[in-house]
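Biologist: Could you walk me through how to read a few features of this model?

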Amino acid sequence: MKIGIVCYPTFGGSGVVATELGKALAERGHQVHFITYNEPVRLGSFSKNIFYHEVRVSEYPLFDYPPYELVLTSKLVDVVKYEKLDLLHVHYAIPHASAAYNAKHILECEGIHIPYITTLHGTDITLVGKDPSFEPVITFAINQSDGVTAVSQSLKDDTFEHFNITRDIEVIPNFVNLDTIEHKWEEKHGLKKMYAPNGELIISHISNFRKVKRIPDILKIFAKVRKEKPAKLLLVGDGPERVHIRNQCEELGICDDVILMGKLKSPDEILSISDLFLLTSENESFGLAALEAMAYGVPVISSNTGGIPEVNKHGYSGFLSDVGDIDDMVKNALIILKDEKALNKFKEQARKQAELFDINKVLPLYINFYNKILNNKKKV
Ligand code: GMT
């Protein structure tokens with residue numbers, strides 16, 4: 001197949017999933033064209049079947065808001081036509097689904113039929129999409145898609161609850177590539193000493209530090225756990241909430257043990273040395289970061305919200321607590337960190353749980369879905 005993938009090329013989960021999916025498809029012989037405003041951060045080195053088409057939005061004094069969606073639409077028309085694509089797969093509904101809809105109809109006027117699949121990732125539905133300034137367009141572009149997937153049952157339910165959806169949505173979860181993780185794990189053994197020189201436990205969190213992640217909860221949990229167990233907190237990522245972190249660390253008296261790592265291209269190193277992962281989000285459609293942690297055998301303390309319970313199994317790969325229930329999360333963290341035996345048991349279970357989401361299980365779901373959509377196209 002020749003597939004065009006549209007995504008945000010940044011550190012966000014939707015961009016990571018789209019990029020890893022494209023890479024996996026390319027490895028299996030499909031031709032993958034990334035159509036994005038920057039090279040996706042997780043792309044790594046190019047391979048024979050991977051192409052990158054830049055969506056370049058020019059500045060013009062008249063434009064207070066550069067028309068990204070229009071430029072993307074034109075680029076889609078161009079790439080579909082000249083690369084003879086079979087299918088467009090757009091990740092994150094806003095504004096990618098409506099751009100794909102417009103491109104499809106422009107191409108139809110020229111006798112070219114290109115189906116598009118929209119994958120819903122999370123905040124495109126749960127936060128941004130619901131906003132009345134987007135809602136009618138999002139509803140329309142979802143309903144008009146040739147195929148729609150959501151990354152969890154919870155996100156699918158949310159979509160039906162908040163939008164007037166008149167079509168099916170297929171659940172295809174996020175995934176990890178356990179083969180490559182196994183390999184990287186071996187490489188990173190010496191790193192732990194650098195961050196935890198006295199054998200402290202390493203607790204980590206990775207996100208884009210937005211309000212929805214509840215970063216203050218992470219710091220409060222860490223402060224309490226650290227009273228019982230010597231530990232370091234590694235915070236990976238950046239975003240609007242970062243400016244408050246230092247002040248809160250000072251209030252809690254934990255500055256010396258909290259390390260702000262900034263944005264890292266890949267979470268591999270930090271996860272490979274972590275003992276516990278925290279995900280305290282208010283809302284989370286899936287929680288890719290938690291799954292990536294589990295793939296490294298890192299148990300997860302998380303909130304019981306959105307799609308997280310579909311990933312993190314309570315009492316097995318970690319624990320789930322009500323959003324904001326700091327004391328319960330601390331209690332659960334200490335069950336895991338109690339002693340080496342308990343920690344190793346949870347580590348093993350976390351890894352086992354991640355196996356359910358291995359790319360070799362999830363990729364066929366996407367490929368079958370693509371084939372179904374392409375077969376429908378032939379029948380039209
Ligand atoms: O909203 C974000 O945190 C970023 C967002 C994205 O689309 O880039 O992440 C969402 O998509 C991920 C990949 O499908 C999911 O694993 C995340 O749970 C989801 N984030 C939220 O729902 C908050």
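Biologist: Where does F209 lie?

Modeller: F209 is in the loop that runs between β8 (201-207) and α9 (215-228); helices (H or I, at least four residues) and strands (E, at least two) are DSSP runs, numbered from the N terminus. This is a predicted model, so local features need pLDDT of at least 70 and side-chain atom pairs pLDDT 80 or more, while totals for chains, interfaces and linings use all residues. Residues are numbered from 1 along each chain as its sequence is written, and side-chain values use heavy atoms, without hydrogens and water.

Biologist: What should I look for in its backbone?

Modeller: Most residues other than glycine have a negative phi, and most peptide bonds are trans. F209, although not a glycine, has a positive phi of about 45 degrees. For the peptide bond, go to I94 and P95: a cis bond joins them, with omega about -15 degrees. P95 belongs to helix α3 (residues 93-108).

Biologist: Which polar side-chain atom lies 2.6 Å from an oxygen atom of the ligand?

Modeller: A polar side-chain atom of E284 is 2.6 Å from a ligand oxygen, and one of K213 is 3.4 Å from a ligand oxygen. S14 uses a polar backbone atom, 2.9 Å from an oxygen of the ligand. Taken alone, the ligand exposes 480 Å², and the protein buries 95% of that (Shrake-Rupley method, 1.4 Å probe).

Methods:
Polar contact = N/O pair within 3.5 Å; in protein donor to acceptor, adjacent residues only side chain to side chain.
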